[in-house]
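Please keep the sequence and the three-dimensional view at hand while reading.

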Amino acid sequence: MAEILRENPGFEFFMECWADHPALRIVIKKLLAKFGQWGIAIVDGMLVEWND
């Protein structure tokens, strides 16, 4: 859904999904790779927010 809208659903939303189910991690990884401008990265298996 976020890919279609190209809107950032938010860090908290990703954190909930990340902890919810391992299969969602694959989707989140792909979204974050495609939309780096959202300012969320995966570091050592954890989601982190970063600012420019």
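## The paired strands

Strands β1 and β2 pair in the antiparallel sense over four bridges. Two strands are said to pair if DSSP finds at least two bridges between them. Helices (H or I, at least four residues) and strands (E, at least two) are DSSP runs, numbered from the N terminus. Within the pair, A41 stands opposite V48 of β2, and I42 stands opposite L47 of β2.

The model is a predicted one, in which local features need pLDDT of at least 70 and side-chain atom pairs count only at pLDDT 80 or more, while totals for chains, interfaces and linings use all residues. Residues are numbered from 1 along each chain as its sequence is written, and side-chain values use heavy atoms, with hydrogens and water left out.

## The turn of the hairpin

Together, β1 and β2 form a hairpin with two residues between them. D44 is found in the loop between these strands, and its phi is near 50°, a positive value in a residue other than glycine. Most residues other than glycine have a negative phi. Is D44 buried or exposed? D44 counts as exposed because its relative accessibility is 79%. The classes are set by relative accessible area: buried means under 20%, exposed over 50%, and partly exposed in between (1.4 Å probe, protein chains only).

G45 also lies in the loop between β1 (40-43) and β2 (46-49). G45 counts as partly exposed, because its relative accessibility is 40%. The C-alpha atoms of G45 and W18 are separated by 9.9 Å, although these residues are 27 residues apart along the chain.

G39 is placed in the loop between α3 and β1. With a relative accessible area of 7%, G39 is buried. Which residues does G39 contact, leaving aside its neighbours within four places in sequence? They are V48, E49 and W50, where contact means heavy atoms within 4.5 Å. Between the C-alpha atoms of G39 and E49 the separation is 5.7 Å, and the two residues are 10 residues apart along the chain.

A41 belongs to strand β1. A41 is partly exposed, with a relative accessible area of 23%. Not counting residues up to four places away in sequence, A41 touches M46, L47, V48 and W50. A41 and K29 are 12 residues apart in sequence, and their C-alpha atoms are 8.7 Å apart in space.

## The two sides of helix α2

Which residues of α2 are buried? They are F11, F14, C17 and W18. These residues lie on the same side of α2 because they cover an arc of only 130° around the axis. The arc is that of the directions from the helix axis to the C-beta atoms. An α-helix has 3.6 residues a turn, so residues three or four places apart point the same way.

On the other side of α2, the residues E12, E16, A19 and D20 are exposed. The cover over the buried residues of α2 includes α3, β1 and β2.

## How α2 meets α3

Helix α2 (residues 11-20) and helix α3 (residues 22-34) pack at an angle of about 145°, and their axes are 8 Å apart. Axes are lines fitted to C-alpha atoms, for helices over the stretch in contact, and angles run from 0 to 180 degrees between N-to-C directions. From α2, the contact is made by F14, C17, W18 and D20, and from α3 by L24, R25, I28, K29, L31 and L32.

By class, this contact has seven nonpolar, no polar and three charged residues. Ala, Val, Leu, Ile, Met, Phe, Trp, Tyr, Cys and Pro count as nonpolar, Asp, Glu, Lys and Arg as charged, and the others, Gly among them, as polar.

## The chain as a whole

The secondary structure of the protein chain comes to three helices and two strands, which follow the pattern α-α-α-β-β along the sequence. Of the 52 residues in the chain, 27% are buried. Among the contacts with a separation of 6 or more, 45% are between residues 24 or more positions apart.

The protein chain exposes about 4,000 Å², of which carbon and sulfur atoms supply 57%. Accessible areas come from the Shrake-Rupley method with a 1.4 Å probe, and for residues only the protein chains shown count as cover.
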